[in-house]
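Reader: I've got a model open and I'd like to learn how to read it. Could you walk me through a few features, starting with the general idea each time?

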Amino acid sequence: MSGILACSVRLRSALVVLSATVLTVPSASVAAQSVAEGRAALRSGDYAAAESTLRGVIRRDAEALEARRLLVETLLRTGAYGDAAEVAREGGPALAGSLGRALQAAGDLGGAEAAFVVGVRANGPYALTTRADLAELLFRTGRIDEAMEAFDAFIDIYNGAGGSLRADELVAVGRAVRYLGRRDPALFQDALRAFDEAAAAAPEWAEPPVWMAELFLEKYQSPQAKTELERALTLEPNHPTALLLQARALEFDGSPGARAAAEGALATNENFVEAQAFLAQLDLTSEGLDAARRRAEAALELNPASLEALTALAAAHYLAGDLDQFAAVRRRALAINPRYAELDATVARMAEQTRRYAQAAERAAAAVALDSAAWTAWGVLGMNQLRTGRIDDGRASLDRAFAGDPYNPWFKNNLDLLDTFDRFETIRTEHFLLFVHGSEAELLTPFLSDVAEEAYDSLAARYGAEPPLPIRIELFPSHADFSVRTMGEVGLGALGVSFGSVLIMDSPAARERGQYNWASTLWHELAHAFHLGLTDHRVPRWFSEGLAVHEQRRGREGWGHQPGFPFLMALQEGRLKKVSELNDGFMRPDYPQQVIFSYYQASLVFEILESRHGFGVVRDMLAGYRAGKTTEQLFDEVVGTPLDDFDEEFDEWIRDRFAGPLRGVTQIAEAPPAQAGLAAMEEHVRSHPGDLVARLRLGALLVREDRYDDARPHLDQVLRTFPNYGGPDSPYWYLSRLHAAQGDTVRAAAALARLNSLNETNYGALLEEATLAEVLGRTERASWALERAMQIYPYDLDVHRRLADIQESLGDLPGAVRSRAAVVALGPADRAEALYQLARTHFAAGDIAAARSTVLQALEVAPNYEAALELLLDLRAGTDVDAYFEPEAP
């Protein structure tokens, strides 16, 4: 018995040992598996599952430091900063770095720094990340020299590691070396290399591509940033920082969706202060100052030490004109970081985006005074010095910016353009400095100065005030150069830009013939100079653009944006902005054509205001903007109609105005494609006679086939429905062809006259109208049409000769002098003859000195030119002009 008992005891003891072994080993394995599952859930963006799994591990083993670290990271992702700090504290010194990140996210910078110091001294597995955190915090609190010394040590760490660094350590190296790039731009490549090695070491981890994306975006490489963000968000779809960077990339590109992406980041982490600050800045660019201020203040409730939120709040106050509050917020930021240049640099960019260029330069100068290595601020300073006409100062600032940041394409593009400025000529008139390329200064200056001075006198009388003088007008014969001069890169679709008293435009040479009316554009941009000057650059974009188009239409019949079928379709489909939202139509369009539609739509607002209330209301609104009032206040106080009510009134008014055309653009059925041929289009129109666009297409096809009687009813019907359509395919053009072919010159000329009253760029129609007007003996109308043609394309020598002859016949000698001078400027084959004709016209106009000078130039070219010699003798003899020059009777 006893032997059996003893045997049983030994067996039971063995079973106990075995049991202990079986229970202990699987327990560690299960814990490791759970940590791995938690990490996988975190890195896939399933934060709820990650939190649940990792908390379960910690409940079973409070010493599970890796689970605790991953839980802190999860809680930081979702904005549970207090919980994250509590979990980290329980991990002791080993998790001091995690504690520091949680405290910093909540705004406790002192506590964060103390925790980072503990973490660095503990020298745990993640000490290198904590060292990078500490150095970044030193930098963010203005101890830049100390921070740079700490960052510099990472180069030695990397070089001494022999390729043994983990992915998280490589990320820490990349972060540090990125800061060193401010002293040596080549080191940005080394930072990128470290991030790239981290991504290769941990391809399932989103952090390396997120850091790479931020670096690419910082160095203006948006496509590469988007590629990395796509990688990151494929791995971790809800990564809040990746979503915020995606928003920044979209904003950088001017693409829609930036707000939605930032709101996606907040859906994951509602306490993500950087995303709130970004949205506040979006509000600012849309001139939503109150919304930006409220958002920034809410962000500061979450993190009172957020420099990004303080920056957004400071910008909101600055743009609202509350300089005392701006200064107070700026002091709060500088108390945190005495060398924080980004606040002033950001306010400068916001001022720039709201067209306050002098203020932008002022704030950028304040930024570089705080930090002489704030290269972006140097660039913003230089760009805005150029925009305010301070060319030499701007060049010096951009030189300094580019030396520190050679990756910036805007700096380089502007410096390259400035190197060409010695090829331009500067001509002073009464109110203007004209800056024109030497190759066309002789030709364009007389036309440009006449239109500019006429526009100035008209606008000064209308507004009862003048902008700062002189106004500098720069014309660039290359559209790419115009675009660079305006925004630092090619690709701008505009024709002209006003920076206030500096106007930048394409010269006529920059565009294809028939695309551009330089005189109309000049009138538009000069109107902006008045609006910006009268409001101290506080007028909203939509208001100034709409009012400038309104002024264009007053300047000349047919100038300015006109309605077309795409506009009508957008109106019918509800794709136009409300008046209260028109600024977004310019600043954040929902689709590319919305900007063009917004120009025309905004101009109609002023048509209503002036017709109902008189122009004094518009002047009073401009004065209100200068005083810092909002559009809502001005509609209440000046117009006497709440803006929401005006939205409804405008919608009713515009739909009533275009009621007929709107019925015609209703798509009843799909029209056949162009390649389907004439018969298919005829069948479609027979089946759908209310399809206005199809009837216009059919009418045009029938005219081309010389079936004029068949074409006429369709073209007439289009005009009855939409009589103000002056587009390139206007029925007036086809009717002019039809009438001319049928020998009805009067009706052909009338159709062209109507077309040219609705279109500012139809060069061919103007020349054709001039020809018919001459046939009909309407010489004044012919002169009008040819002068309008010169506003589109002033490079046709024969048209200038033709115009000069007509002007002389009408007794318009100043006009004839200008036209004859243009012939000379265009370099005719017979230069002596062109100079003689110019001298003859100077003589007729009574300018004896100019006549003598010009005829001598003719004789330099052709010393034996008999007519020129006779003119010179007559000039010396004092021959009576009337005896020499007899204009034709009109």
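Reader: Let's start with the rings. How many aromatic pairs does the count come to?

Author: In general, a pair of aromatic rings is described by the distance of the centres and the angle of the planes. This is a predicted model, and here the count comes to 37 aromatic pairs. Take Phe567 and Phe658 as one of them: their centres are 6.1 Å apart and their planes make 65°. Planes over 60 degrees apart count as edge-to-face, so this pair is edge-to-face.

Reader: Where in the chain do Phe567 and Phe658 sit?

Author: Phe567 is in helix H28 (residues 565-572), while Phe658 lies in the loop between helix H33 (643-657) and helix H34 (659-664). They are 91 residues apart, and the pair links distant parts of the chain.

Reader: Okay, on to helices. At what angle do H17 and H19 pack?

Author: For two helices, look at the angle and the distance of their axes, then at the residues that touch. Helix H17 (residues 307-319) and helix H19 (residues 342-353) pack at about 45°, and their axes are 9 Å apart. That angle makes H17 oblique to H19. The crossing of H17 past H19 is right-handed.

Reader: Which residues of H17 and H19 meet?

Author: From H17 you have Leu310, Thr311, Ala314, Ala315, Tyr318 and Leu319, and they meet Glu342, Leu343, Thr346, Val347, Met350 and Ala351 of H19. Sorted by type, the residues of this H17 and H19 contact are 9 nonpolar, 2 polar and 1 charged.

Reader: Now H14 and H15. Are they roughly parallel or roughly antiparallel to each other?

Author: Start from the angle again. The axes of helix H14 (residues 258-268) and helix H15 (residues 273-285) cross at roughly 155° and come within 9 Å. Angles over 145 degrees count as roughly antiparallel, and H14 and H15 are therefore roughly antiparallel to each other. Their crossing is left-handed.

Reader: And what makes the contact there?

Author: On the H14 side, Ala258, Arg259, Ala262, Glu263, Ala265 and Leu266; on the H15 side, Ala275, Gln276, Phe278, Leu279, Leu282 and Asp283. The residues of the contact of H14 with H15 split into 8 nonpolar, 1 polar and 3 charged.

Reader: One more pair, please. How do H44 and H46 pack?

Author: Helix H44 (residues 831-844) packs with helix H46 (residues 866-877) at about 25°, with the axes 10 Å apart. That makes H44 roughly parallel to H46, and H44 passes H46 in a left-handed crossing. Tyr836, Ala839, Arg840 and Phe843 of H44 make the contact with Ala867, Ala868, Leu871 and Leu875 of H46. This H44 and H46 contact has 7 nonpolar residues, no polar ones and 1 charged.

Reader: What about the backbone? Which residues does a cis peptide bond join?

Author: The general idea is that most residues other than glycine have a negative phi, and most peptide bonds are trans. Here, a cis bond joins Leu469 and Pro470, with omega at about -5°. Pro470 is in the loop between helix H24 (441-463) and strand S3 (471-476). Then there's Tyr220, which isn't a glycine but has a positive phi of about 70°. You'll find Tyr220 in the loop between helix H11 (207-218) and helix H12 (222-235).

Key:
Residues are numbered from 1 along each chain as its sequence is written. This is a predicted model: local features need pLDDT of at least 70, side-chain atom pairs count only at pLDDT 80 or more; totals for chains, interfaces and linings use all residues. Side-chain values use heavy atoms; hydrogens and water are left out. Axes are lines fitted to C-alpha atoms, for helices over the stretch in contact, and angles run from 0 to 180 degrees between N-to-C directions. Helices (H or I, at least four residues) and strands (E, at least two) are DSSP runs, numbered from the N terminus. Angles under 35 degrees count as roughly parallel, over 145 as roughly antiparallel, 65 to 115 as roughly perpendicular and the rest as oblique. A crossing is left-handed if the near helix is turned anticlockwise from the far one by less than a right angle, and right-handed if clockwise. Contact means heavy atoms within 4.5 Å. Ala, Val, Leu, Ile, Met, Phe, Trp, Tyr, Cys and Pro count as nonpolar, Asp, Glu, Lys and Arg as charged, and the others, Gly among them, as polar. Rings of Phe, Tyr and Trp (its six-membered ring) pair if their centres lie within 6.5 Å; planes under 30 degrees apart count as stacked, over 60 as edge-to-face and the rest as tilted.
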